[in-house]
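Please walk through the following model with attention to its charged side chains and to how they pair.

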Amino acid sequence: MKGGREVADKVQDFKNRQNGNPKVWFRAAAERLSQLRYVFLVQIEDGIPTADQRASLEYADAVLIGWPDEDAAQVIDLDESQLDQVRKVMVEMEGQIPIFREQERKGDIDQLSQSLVTLTECVAQVRRHYQPDFPIPTYQEIHQVVQQEWNEDMSRIDPDQVTSPEEVKEMQEDADRADYNSFVGTGLSKPLQGQNLELDQPKDHS
């Protein structure tokens with residue numbers, strides 16, 4: 001099948017780009033998700049995120065939180081079969097990114113939110129391979145909690161007291177500003193400096 005051949009070729013390309021460092025994908029996955037999370041945050045920060053949008057952001061945070069350096073003791077070495085699985089996940093993730101960019105260009109926030117969940121799950125799979133003892137909640141678990149919080153927030157808004165959309169926004173920001181506008185995880189989040197990762201030149205962590 002053509003699709004299978006393309007995946008195999010891409011996996012081989014990823015092998016060639018390891019430069020002798022099989023843990024490079026652990027760092028690359030975190031950097032990629034950090035960039036995508038930043039793009040999504042920029043898209044929603046001027047409005048009131050829906051429960052789905054908030055949950056997708058918090059899912060990315062949960063996957064990235066406490067992300068260790070690739071040479072940390074808790075990051076295990078993978079055999080070739082496990083590395084092939086990681087490479088395939090990276091291929092899947094990179095294949096989704098053009099869709100994410102197009103949704104960003106169109107300002108389609110709902111679809112962008114769904115894509116962020118898909119991309120975050122790819123990174124979660126990479127982390128599960130390299131750091132199997134790290135507990136990662138599912139998107140469904142996070143969404144359930146966020147939906148409850150959203151419902152409570154909405155129930156506190158008295159329509160007789162709110163006279164404009166700006167007041168609604170202000171009430172939400174007062175309650176949740178820390179949740180929306182700070183990255184509780186790794187400190188990786190930064191302004192997007194380019195559309196493509198420089199995987200051929202791993203960053204110096206010294």
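With which residue does Arg-27 form a salt bridge whose closest N and O atoms are 2.7 Å apart? The partner is Glu-70, a salt bridge being a side-chain nitrogen of Lys or Arg within 4 Å of a carboxyl oxygen of Asp or Glu. Because Arg-27 lies in helix 2 and Glu-70 in the loop between helix 3 and helix 4 (80-106), the pair ties together parts that are 43 residues apart in sequence; helices here are DSSP runs of H or I with at least four residues, numbered from the N terminus.

This is a predicted model, in which local features need pLDDT of at least 70 and side-chain atom pairs count only at pLDDT 80 or more, while totals for chains, interfaces and linings use all residues. Residues are numbered from 1 along each chain as its sequence is written, and side-chain values use heavy atoms, with hydrogens and water left out.

Arg-27 also meets Glu-31 in a salt bridge, at 3.7 Å from N to O, and these two residues, four apart in helix 2, are separated by about one helical turn. Arg-27 is buried at 7% relative accessibility and Glu-31 at 12%, where buried means under 20% relative accessible area with a 1.4 Å probe and protein chains only.

Among the 10 salt bridges that the structure holds is the one between Arg-32 and Glu-94, at 3.0 Å from N to O. This pair links distant parts of the chain, with Arg-32 in helix 2 and Glu-94 in helix 4, 62 residues apart, and Arg-32 is itself buried, with a relative accessible area of 4%.

Key: Buried means under 20% relative accessible area, exposed over 50%, partly exposed in between (1.4 Å probe, protein chains only).
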